[in-house]
Amino acid sequence: QVQLVESGGGLVQPGGSLRLSCAATGSIFSIYYMGWYRQAPGKQRELVADINSSGITNYGGSVKGRFTISTVSAKNTVYLQMNSLKPEDTAVYYCKADRIRTTRGYEYNVWGQGTQVTVSS
């Protein structure tokens, strides 16, 4: 069974930077889609950024120009570089992987446990 392990969250001052990592573990041949989502208190979970196996990326409107998503396919890992952080970026950030080809077939819509990002002075 595929699991996603996130790391890199924490407390940062406004204007600062953080890099989140998400590693997929298991008997994986390939992953078609990986993405980052976030959920702030009292709000719905929203897309931050995603990337597919062709390298095509997509960003939520509020993070364009500040966040960058990237992958290392050989490591089944996705990163989220977050620059110029604002207090409104405060949320739990979740990693998602979809259409994962494993030794036992495909797995879909796998989520990580989430990592807290707090932007505050």
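Buried means under 20% relative accessible area and exposed means over 50%, with partly exposed in between. The exercises below apply these words to a predicted model.

**Exercise 1.** Find which parts of the chain are tied together by the salt bridge between Arg38 and Asp89.

*Solution.* The closest N and O atoms of Arg38 and Asp89 are 2.9 Å apart. Arg38 belongs to strand β4 (residues 28-39), while Asp89 sits in the loop between β8 (77-82) and β9 (91-102), so the pair joins parts that are 51 residues apart in sequence. Asp89, with a relative accessible area of 1%, is buried.

**Exercise 2.** Identify where Arg66, another salt-bridge partner of Asp89, is located, and whether this residue is buried or exposed.

*Solution.* Between Asp89 and Arg66 the closest N and O atoms are 2.8 Å apart. Arg66 lies in the loop between β6 (57-59) and β7 (67-72), and because Asp89 is in the loop between β8 and β9, this pair ties together parts that are 23 residues apart in sequence. Both residues, Asp89 and Arg66, are buried.

**Exercise 3.** State how many salt bridges a search of the whole structure finds, and which residues are linked in a network.

*Solution.* The search finds three salt bridges, and the network of salt bridges links Arg38, Glu46, Arg66 and Asp89.

Conventions:
Residues numbered from 1 in each chain as written. Predicted model: local features only at pLDDT ≥ 70, side-chain atom pairs only at ≥ 80, totals over all residues. Heavy atoms only, no water. Salt bridge = Lys/Arg side-chain N within 4 Å of Asp/Glu carboxyl O. Helix = DSSP H or I, 4+ residues; strand = E, 2+ residues; numbered from the N terminus. Buried < 20%, exposed > 50% of the residue type's maximum accessible area, 1.4 Å probe, protein only.
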